[in-house]
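Here are my notes on this model, written as numbered points. Keep the structure open while you read.

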Amino acid sequence: MPRRALAAAVVALVLPLSACGSGGDDSGSTDASGKVEGDITFQTWNLRANFKPYFEGLVADFEKKYPGTHVKWVDQPAEGYADKISADAAGGTLPDVVNVSPDLVAPLAKAGLALDLDKAAAKYKKEYLPGAWASHEIPGTQGTYAFPWYLNTGPLFYNKSLFEEAGLDASKPPKTYGELFDDALELADKSDGKVATLANVPTIEDFGRYGVELMNKEGTAFAFNDAKGVELLTKYKELYDAKALDPQALTATPESSGKKFLTGAVAMNPGSALDLGNFKKQAPNLYKNIGITDQITSTGKVNMYVMGVMVNARTKQTPAAVAFAHFVTDAQNQMSFAKKVAIFPSTAGSLDDPYFTEEDGTDETRVRVAAAKSLKNAVNYTPVLFSEQMKTELRNSVAKALQGKVSPKEALDNAVKACDRLLQQQG
């Protein structure tokens, strides 16, 4: 699985469907109370390569629990997943149960293709963390449109030796944005611009973590061009000019930023428990000097990525589809999945398991315990309605501000205008 597949800072789509909220005549039943039986198809997102035995076991356990059911498991590659869902939705071939992220669910819900679980499966709501259940709600729409599945978050990693070479105390990494920006300018100054501290331009979630109001309450317009948003982008411009932000940040991907961190060209990088194994294998010298600190936020709440499992509103087997989506995401099955890969369950109480609370002296456990603790009140900062096209608009506007082509205020005004226009087109 790609390094970031589980981080799921992923793609969104705009469906080529006409009316928003048009359920059509071929809607399935929203009643999930009937007998659990029949054939259903379950689609995952780039999970077969690493977790084939887990999912085959999951399907077998479900079919054994509910005789008369048959689950066909299909897996799609990470690349082009949004387009595949979009094409299936338009063509009426969407599987019964689909692995989604919140931004993938939004257009499906608006098109009447995602089952409202507040109506069909309300009895299960209390089994999940409130923040996770709420992550598949759509602003301006009533309902919840997917079961929360696995969560991810992670710390900031930093290179202690680079901090020490700049005369900074490696045992005291930055805890606030003010400290982060000061340390970054110091590192750039002391290394004559050779060592950047950050390798990525600010994304929508960074504005959220900084405390910027991203959208109005109704979900009808974006608001990240407020004074706080402009303040953050102005700070990044200062970092960029001082080479404290990597010069290639304008075109960076999470993978390329990760490589920069591995090679010692960048002093800090966000990551997850998944990354520690990579450091150990690919950069043993970095691993020896790795520092681990908390995500920096102005809100006291870290960012979390959420995966979900949606039920197709037009399935002909509603009871079986809902039962299976719940089965995949119940506490027992999430817990066994979390022990196979560095992700976290979204089920209430699971994060109190000793696996997530007891340290054993290793860095891996330290990261896992800290992340699990932070997830209890974590937020998915990326607005559900923030599509892939909107991410591109924001990125392009930020790049223009960093290059000095427009002011930070003008850049964010332009981005908000473009994103609002795209929002209107979503219907």
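1. Helices here are DSSP runs of H or I with at least four residues, numbered from the N terminus.

2. Before going on, some ground rules: this is a predicted model, where local features need pLDDT of at least 70 and side-chain atom pairs count only at pLDDT 80 or more, while totals for chains, interfaces and linings use all residues. Residues are numbered from 1 along each chain as its sequence is written, and side-chain values use heavy atoms, with hydrogens and water left out.

3. Back to H17, residues 388–402. Its 15 residues at 1.5 Å each should span 21 Å, and the end C-alpha atoms are 21 Å apart, so the two agree. (The expected span is 1.5 Å times one less than the number of residues.) Among its buried residues are Met 390, Leu 394 and Val 398. Buried means under 20% relative accessible area, with a 1.4 Å probe and protein chains only. The cover over them includes H8 (204–209), H9 (227–241) and H18 (408–426).

4. H18 passes the length check too: 19 residues should span 27 Å, and its end C-alpha atoms are 27 Å apart, which agrees. Its buried residues include Pro 408, Leu 412, Cys 419, Asp 420 and Gln 426. They pack against H3 (102–110), H8, H9 and H17.

5. Now look at H7 (residues 177–190) and H9: they pack at about 15°, with axes 10 Å apart. Axes are lines fitted to C-alpha atoms, for helices over the stretch in contact, and angles run from 0 to 180 degrees between N-to-C directions. That makes H7 roughly parallel to H9 (angles under 35 degrees count as roughly parallel, over 145 as roughly antiparallel). Phe 181, Ala 184 and Leu 185 of H7 meet Leu 232, Lys 235, Tyr 236, Glu 238 and Leu 239 of H9; contact means heavy atoms within 4.5 Å.

6. Ala 273, Leu 276 and Lys 280 of H11 touch Asp 363, Glu 364 and Val 367 of H16.

7. Finally, find Leu 113 in the loop between H3 and H4 (117–120). At 4% relative accessibility, Leu 113 counts as buried.

Key: Helix = DSSP H or I, 4+ residues; strand = E, 2+ residues; numbered from the N terminus. Buried < 20%, exposed > 50% of the residue type's maximum accessible area, 1.4 Å probe, protein only. Parallel < 35°, antiparallel > 145°, perpendicular 65-115°, else oblique.
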